[in-house]
Amino acid sequence: ARGEGAGPAGPRGGGAAMDLFGDLRRMNKRQLYYQVLNFAMIVSSALMIWKGLIVVTGSESPIVVVLSGSMEPAFHRGDLLFLTNFHDDPIRAGEIVVFKVEGRDIPIVHRVIKVHEKGNGNIKFLTKGDNNEVDDRGLYKEGQNWLEKKDVVGRARGFLPYVGMVTIIMNDYPKFKYALLAVMGAYVLLKRES
Amino acid sequence: LRKNVEDFTGPRERSDLGFVTFDITADILNRKNGLHIFWEKNTLIIFDWNVKQLFLYLSAEYSTKNNALNQVVLWDKIMLRGDNPRLSLKDMKSKYFFFDDGNGLKGNRNITLTLSWNVVPNAGILPLVTGSGHVSVPFPDTYETTKSY
């Protein structure tokens, strides 16, 4: 019989795993398809919620994680920010904006300190991190002195501390990310609804 | 007091640079209802359990020929919960250079200075509030050529 045996945990652990795969094999095709469909539904729902958020907020990235300490003590690395990017929202001094420098992928979260807006709606503005001594001109593209509306990913409207740390850990330790995905995948595929 | 100086940090053109000195008296108290600021005898502000800090800033807002709306932050301060809620700053110089985008400060009679703040909660919404007092500052018609500030 399985599980009974002389020796260390090896065969025992192996026994449990054998049970699991035995389970899987015993599931007939229909049940397997059902499990896969369940999994696909979960993934689709998550994607739909994300896309829905993009539409509702007007921002291509409505939830961002703070990556640096340049806005301390307000925001720390790992905090989560909720953004909106409504077209008619004017950009005003004091607002916290998330922007991308042309040609770079990393969004930056800083505060607007100067705004110059023309009558026709053309805006150019300058940003600075609260925790930085100087403004962001050093971060902009070579020769670029101002940011424009098109550089804005969104305006920070709300925030949750610490929650974004998971994303940072997954970025810095990819093995952790794969392990997490494997565990989640195994759980969804093998869990059976009674 | 205003000079016309080459702006090293920005576009390499001559832009108007303004110098403003100001006094700020603000009273930010713990109170149960309402979000207000006490500035020149007006109202009061809250620091409640969900307020981590206030980011205060003094901004100058004005119109010029070049730009319909200009806003420049002259000074800012982070006030953490627990800090002395009364501000009594006198004769402050602006923390940041007050450069205009062009030459719109010369003779500009209507520069409005307002104190605003960003409420940073422990978690939740990030509102931007403007204080109820404001001051109008006119700039002279001529440039100052002395070197001292």
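Strands here are DSSP runs of E, at least two residues long, numbered from the N terminus, and two strands pair if DSSP finds at least two bridges between them. In S6(B), I found Leu69(B) opposite Glu117(A).

The model is predicted; local features need pLDDT of at least 70, side-chain atom pairs count only at pLDDT 80 or more, and totals for chains, interfaces and linings use all residues. Residues are numbered from 1 along each chain as its sequence is written, chains are lettered from A in the order in which they are written, and side-chain values use heavy atoms, without hydrogens and water.

Next I took the extent of the interface. Chain A gives 32 residues to the contact and chain B gives 32 residues (heavy atoms within 4.5 Å). The two chains bury about 2400 Å² between them, with 54% of it on carbon and sulfur atoms (accessible area, 1.4 Å probe, lost on being put together, summed over both). Of the area that chain A buries against chain B, 21% comes from Lys114(A), His116(A) and Phe159(A), more than from any other three residues.

I then checked which elements of chain A touch chain B. Strands S4 (107-117), S5 (123-128) and S7 (152-160) of chain A each give two or more residues. S4(A) has the largest share, seven residues.

Last, I looked for salt bridges across the interface and the rule finds zero (side-chain nitrogen of Lys or Arg within 4 Å of a carboxyl oxygen of Asp or Glu).

Notes. Helix = DSSP H or I, 4+ residues; strand = E, 2+ residues; numbered from the N terminus.
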